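I want to look up a few things here and jot down what turns up.

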Amino acid sequence: MKFLVSVALALALLTLESVLVKQAGLELGRIDVTVVLVAFLALRASLLEGTFSAFSVGYLLDLMSGQPTWLYTFLAVFIFLVGRLVPTFVEVRGPLAFALFAMGADVGHSLLATFFTWLTVKEDGPGSQLAEMPLQVALTGLAALALYPLLRRFEASQERPAGLLR
């Protein structure tokens, strides 16, 4: 069930993000709401359900971004798998800790996306993308703070006993 909810939520948030970025006049800036969803899935979803959800969320971002094919799909699954390791080292509870976790995931996601885009598309250097990254990470942190109660509400409505792959 988290799969369907995360895909529907990703589609709605990507649509909202594109409208908000356009209305705010941010030509190149983004709010990585998909990274917020993948970060939440890394903390709360089972391995199988989270991997499928991250794949689908990344694929939706691939469709809507116009970047090289499968880039964001790969990065979403990669961020999900790396994000599953974080709770073994750091306790991520509460909205502020989650926002910091999502911001860290966004830094890694943005750096990898910039690097792989630079490898495949030889137009400009990565300077312009790196220059806007602090604004993007800050906006992603604010989005994580705003989305945390909503994501927790969806999680609470879908509680079930822990499965074999948890």
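This is a predicted model: local features need pLDDT of at least 70, side-chain atom pairs count only at pLDDT 80 or more; totals for chains, interfaces and linings use all residues.

I began with the stretch 70-90, which comes out as 62% helix and 0% strand. Its end C-alpha atoms sit 30 Å apart. Then I checked residues 133-151: 100% helix, 0% strand, and 25 Å between the end C-alpha atoms.

How many aromatic pairs does a search of the whole structure find? I got 9. I looked into the one between Phe98 and Tyr148: ring centres 5.3 Å apart and planes at 40 degrees, so I logged the pair as tilted. Phe98 belongs to helix H5 (residues 95-120) and Tyr148 to helix H7 (residues 133-157), so this pair ties together parts that are 50 residues apart in sequence. Buried or exposed, for Phe98 and Tyr148? Both are buried.

I also wrote down one aromatic cluster, made up of Phe74, Phe78, Phe115, Phe116 and Trp118.

Last stop was Glu17, which I found in helix H1 (residues 2-24). Why does Glu17 count as buried? Its relative accessibility is 8%, and the cut-off for buried is under 20%. For its contacts I skipped residues up to four places away in sequence, and that left Arg30, Ile31 and Val33 touching Glu17.

Notes: Residues are numbered from 1 along each chain as its sequence is written. Side-chain values use heavy atoms; hydrogens and water are left out. Helices (H or I, at least four residues) and strands (E, at least two) are DSSP runs, numbered from the N terminus. Buried means under 20% relative accessible area, exposed over 50%, partly exposed in between (1.4 Å probe, protein chains only). Contact means heavy atoms within 4.5 Å. Rings of Phe, Tyr and Trp (its six-membered ring) pair if their centres lie within 6.5 Å; planes under 30 degrees apart count as stacked, over 60 as edge-to-face and the rest as tilted.
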